[in-house]
Structures are given as structure tokens and as C-alpha cells.
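Let's take a walk through this fold and see how its pieces sit together. Have the viewer open as you read.

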Amino acid sequence: MGRGCNLLFILVTFLVLVAAATAQGNSGSSRGVGQRPRVGFYGNRCRNVESIVSSVVRAHVQSNPANAPGILRMHFHDCFVRGCDGSVLIAGNNTERTAGPNRSLRGFEAIEEAKTRLEAECPGIVSCADILTLAARDAVVLTGGQGWRVPLGRLDGRISQASDVILPGPNDAVDKQKRDFAAKTLNTLDLVTLVGGHTIGTAGCGLVRGRFFNFNGTGQPDPSIDPSFVPLVQARCPQNGDATARVDLDAGSADRFDTSFLNNVRSSRVALQSDLVLWNDAETRAIIERLLGLRRPSLRFGAEFGNSMVKMSLIEVKTGSDGEIRSVCSAIN
């Protein structure tokens with residue numbers, strides 16, 4: 001009788017442990033402390049997560065092509081402030097969205113729609129941070145770029161403060177850019193490759209106009225710019241024109257994810273000073289030449305961009321008790 005009771009106790013204990021483990025495996029918020037994102041994280045708990053995000057992003061890019069570079073830029077701005085935790089998505093007074101560099105971000109509606117659809121299919125499972133990370137990859141693919149496998153399993157951050165938004169600037173010297181990227185565990189190859197994302201998108205005229213009319217107070221354009229490129233930007237961004245008007249970051253190919261931007265950097269035909277100076281530094285110039293196949297060993301831009309995006313997407317991610325899964329991306333639970 002005693003032996004039978006012992007066996008029964010062992011069996012019941014085993015079943016309880018199995019049930020607890022199963023419940024934990026099926027819970028969207030149960031993630032081991034310190035667990036890193038990985039490819040295939042959601043498994044059967046949300047089987048269609050990637051296809052749902054992809055379809056929503058595709059629809060929004062088709063309705064407004066500016067959403068593609070907008071979402072890519074949003075992911076960068078998210079990761080460089082408090083890590084890749086979706087905090088840039090939170091709306092409200094004095095949140096990251098209200099900071100100067102983020103006021104021109106676009107694509108929020110796509111992320112929120114994807115979240116709504118995922119909450120209907122697998123509620124409480126997929127974080128907004130993961131949705132934004134997937135959407136950035138999809139934006140690249142939709143504009144002709146190469147895809148990559150996205151590690152998933154981030155949690156959403158609970159803090160979003162405008163005062164935290166300190167990002168690399170449009171007039172930064174190369175050494176400043178290297179330091180900013182190194183502070184986020186990204187090397188110089190990552191720097192050049194990720195800046196190569198400027199192959200799609202635009203910049204506000206207010207950010208670039210000074211270089212094309214009154215560089216360093218000289219009353220003349222920056223002499224390092226290709227002279228034939230100057231009147232093109234001046235026409236788009238008149239000296240007394242609308243500062244919010246936009247100019248292409250990659251002249252002639254702003255809607256295609258390709259190496260045209262890197263060729264334009266080489267030819268001094270880019271709008272941002274922080275882009276132009278990459279050709280003046282021996283280390284960054286050598287990387288550009290390798291990405292363009294002009295120096296051996298050559299590098300494949302598409303593959304390197306995917307690699308660097310994965311590295312960036314793992315900056316200071318929230319796991320375990322560090323974060324949450326928001327039910328609405330624009331609001332903290």
C-alpha cells in the first residue's frame with residue numbers, strides 16, 4: 001500500500017511538472033531571464049507571425065512607398081535609444097516619438113495594424129518590438145533588397161522619454177559616427193553597411209540646405225560636393241523654401257534598395273554631410289570599395305546589410321522581467 005501511494009505521488013508530481021512546463025511554453029510573456037532572441041522563437045504559439053507582418057507592411061508600402069524607408073529608419077531610431085524594445089512606438093507627451101529626430105518618422109500605422117491582427121490570432125504572444133524588427137526586414141525586401149532570418153523573442157520596454165533620444169547626426173564626422181556605433185557594439189563595417197540603408201528614403205531640406213548654399217558661413221556650397229550635383233539639390237531645396245520639403249538620399253535610385261547610394265558617396269553626390277565624409281576616411285572608404293566590388297576581398301552588400309541588421313536588432317533587448325508584451329503598441333500596458 002505504501003509503495004502504491006509513493007508511485008501515485010510520483011506520477012501526480014510528474015504530471016504537474018509537465019503541465020507547468022507546457023503552460024510556460026505556451027505563454028507569450030514567459031521568457032527566461034537573459035534569454036536571447038532566436039529564429040523561430042514563436043513556433044506553434046503564433047505560426048503566422050511573419051506572414052501577417054509581411055502582408056500588412058506590403059499593403060502600407062503599396063499605398064505609400066515612403067513607408068518603406070520610414071519603417072527602416074524607425075527601427076534604427078528604436079534600437080539606438082534604450083535598445084530594440086519598441087519604445088519609439090509609444091505615443092504621449094514627452095515620449096521618444098515627440099523628440100526632434102523622430103517627428104518625421106512614418107509607418108506607425110503599419111506596426112499598429114500588424115499588432116491588431118496578431119492580437120486577434122494569438123493574443124498576448126508577439127511583442128511590438130518584434131513586429132517592428134520584422135517590418136524593417138520586410139521594408140527592405142519590398143524595395144528590392146535581400147532578406148534575412150530575423151531572431152525573435154524581444155519584450156517591449158516600459159519607458160519612453162524624449163530626453164533619451166540622442167542619435168547620430170546628419171553632420172557628424174566619421175570618428176563621431178564610429179564612436180556612436182561602437183557604443184552600441186557595432187563595428188565600422190556595420191556603420192558603413194547600415195548607412196547604406198540610405199539607398200532608400202529622403203531627408204528634410206532643413207537638414208541639408210546649409211551645405212548647398214552657405215557651407216560653414218562661406219556663402220558658397222561645400223566644395224567637396226560634386227559641382228554638378230549642387231544645382232539639383234538647390235532646386236529641390238531653395239534657400240528660403242520649405243524646410244520640411246524632402247530630398248532623395250540616393251539621387252536617381254531612392255526607391256530601390258541597391259548599391260547606388262554607395263556609388264553616389266564615392267562620387268560626392270549625396271545630400272547628407274555624414275554620408276559624404278565616409279569617402280574621406282581610409283577605413284570607411286575601403287569598406288565602400290569592397291561593397292562595390294572595387295577592392296578585394298569584395299563584400300556582398302545585401303548579405304552584409306542583413307548581418308548588420310541582425311546585430312543591431314539585438315542591442316539591449318528586453319527579456320525576462322525587463323519588459324512586457326503590450327496589447328497596443330502605442331501605449332504602455
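Which residues in H3 meet which residues in H5? On the H3 side they are Ala68, Ile71, Leu72, Met74, His75 and Asp78, and they meet Leu132, Thr133, Ala135, Ala136, Ala139 and Val140 in H5. Keep in mind that you are looking at a predicted model.

## The overall picture

The chain has 13 helices and two strands. It runs to 333 residues, and 50% of them count as buried. Take the contacts in the chain with a separation of 6 or more: 75% of them come from residues 24 or more positions apart.

## How H3 and H5 cross

Back to that helix pair. The axes of H3 and H5 are 8 Å apart, and the two helices pack at an angle of about 140°. That angle makes H3 oblique to H5. As for handedness, the crossing of H3 and H5 is left-handed.

## The nonpolar core

In soluble globular proteins, nonpolar side chains tend to be buried together. Here, the largest nonpolar core has 86 residues. If you want to find the ones with the most contacts inside this core, click on Leu89, Leu118, Val126, Val208, Phe305 and Met312. Helix H5 (residues 128–142) turns up again, as the largest share of this core, eight residues, comes from that helix.

Val126 is a handy one to zoom in on. Skip its neighbours within four places in sequence, and Val126 is in contact with Tyr42, Cys46, Val49, Lys115, Leu118, Glu119, Ile131 and Ile325. One of those partners, Leu118, is also on the list of residues with the most contacts inside the core.

Is Arg137 buried or exposed? This residue lies in helix H5, and Arg137 is buried because its relative accessible area is 9%, under the 20% cut-off. Not counting residues up to four places away in sequence, Arg137 touches Glu50, Gly147, Trp148, Arg149 and Val150.

## The buried side of H6

Now look at helix H6, which spans residues 174–182. Its buried residues are Val174, Gln177, Lys178, Asp180 and Phe181. They cover an arc of only 165° around the axis, so they lie on the same side of H6.

What do the buried residues of H6 pack against? Four helices are the partners: H3 (67–79), H7 (188–195), H11 (273–276) and H12 (282–291).

Terms used. Residues numbered from 1 in each chain as written. Predicted model: local features only at pLDDT ≥ 70, side-chain atom pairs only at ≥ 80, totals over all residues. Heavy atoms only, no water. Buried < 20%, exposed > 50% of the residue type's maximum accessible area, 1.4 Å probe, protein only. Arc of directions from axis to C-beta. Contact = heavy atoms within 4.5 Å. Core = buried A, V, L, I, M, F, W, Y, C linked by side-chain atoms within 4.5 Å. Axes fitted to C-alpha atoms, helices over the stretch in contact; angles between N-to-C directions. Parallel < 35°, antiparallel > 145°, perpendicular 65-115°, else oblique. Left-handed = near helix turned anticlockwise from the far one by under 90°.
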